[in-house]
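Dear colleague,

Please find the structure below, together with its sequence. A summary of the findings follows it.

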Amino acid sequence: MISELKKNIEQKMQKSVEALKTDLAKVRTGRAHTGLLDHVMVEYYGSMVPVNQVANITLIDARTIGVQTWEKPMLGKVERAIRDSDLGLNPANMGELLRVPMPALTEERRRDLTKVVRHEGETAKVAIRNLRRDANQQLKDAVKDKEISEDDERRGEDEVQKLTDRYVAEIDKLLAQKEQELMQI
């Protein structure tokens with residue numbers, strides 16, 4: 001029972017860390033990367049789809065993303081969707097290709113993004129702690145139902161705490177990397 005609970009909690013904690021990684025990837029630095037446009041949605045024949053489903057997204061250079069639509073009429077819609085997104089990007093239409101330059105970040109904007117990153121990290125840590133609380137509650141319930149002994153409960157709580165510490169440390173490491181990336185010029 002305890003090993004099953006531990007495995008289940010570990011999977012959920014890993015998913016929380018993966019969710020944090022995806023959220024951190026959306027916070028842009030001065031460098032361009034194709035994943036930046038993953039959450040930008042564009043209208044395609046009446047339904048909203050991600051840009052990467054109607055266009056080929058490539059890196060032209062370190063600070064420029066190239067977007068080439070598969071259908072010519074979609075170019076204007078994709079350009080509008082990128083411009084209207086919350087990324088603060090201004091694509092340039094080159095006929096068959098959109099060039100999306102990454103503007104340089106000001107010092108103030110870097111500090112703001114660092115705050116956003118810290119908030120995302122704290123949210124992930126809260127999720128991990130909630131999983132720990134739920135696991136400990138399941139252990140207490142198992143003792144009440146006489147499924148496990150109190151010694152097993154204590155061992156289980158220790159294992160869950162070790163998992164929690166490990167994943168919180170991993171989150172801290174990810175945050176430190178992202179903050180360092182943001183503060184680079």
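**Findings: the sheet and the cores**

Strands β4 (residues 64–69) and β6 (residues 98–101) run antiparallel and are joined by four bridges. Within this pair, valine 67 has leucine 98 of β6 as its bridge partner. Please note that the model is a predicted one.

The two strands belong to an open sheet of four, ordered β3-β4-β6-β5, with antiparallel pairing. At the edges stand β3 (55–61) and β5 (92–93); each has a single partner strand, so one side of each is left without a neighbour in the sheet. Helix α2 (residues 74–84) packs on the sheet and touches β4, β5 and β6. The direction of α2 makes about 145° with that of β4.

In soluble globular proteins, nonpolar side chains tend to be buried together. The largest nonpolar core here comprises 27 residues, and Met13 and Ile171 have the most contacts inside it. Two or more residues of this core come from each of α1 (2–26), α3 (107–144) and α4 (150–183). Helix α3 supplies the largest share, namely nine residues.

Which residues does isoleucine 171 touch, leaving aside those up to four places away in sequence? The contacts of isoleucine 171 are Val17, Leu20, Gly121, Ala124, Lys125 and Ile128.

Another core, of 22 residues, lies apart from the largest one; Val54, Leu75, Leu98 and Met102 are among its members.

Yours sincerely

Definitions and conventions:
Residues numbered from 1 in each chain as written. Predicted model: local features only at pLDDT ≥ 70, side-chain atom pairs only at ≥ 80, totals over all residues. Heavy atoms only, no water. Core = buried A, V, L, I, M, F, W, Y, C linked by side-chain atoms within 4.5 Å. Buried < 20%, exposed > 50% of the residue type's maximum accessible area, 1.4 Å probe, protein only. Contact = heavy atoms within 4.5 Å. Pairing = 2+ DSSP bridges. Axes fitted to C-alpha atoms, helices over the stretch in contact; angles between N-to-C directions.
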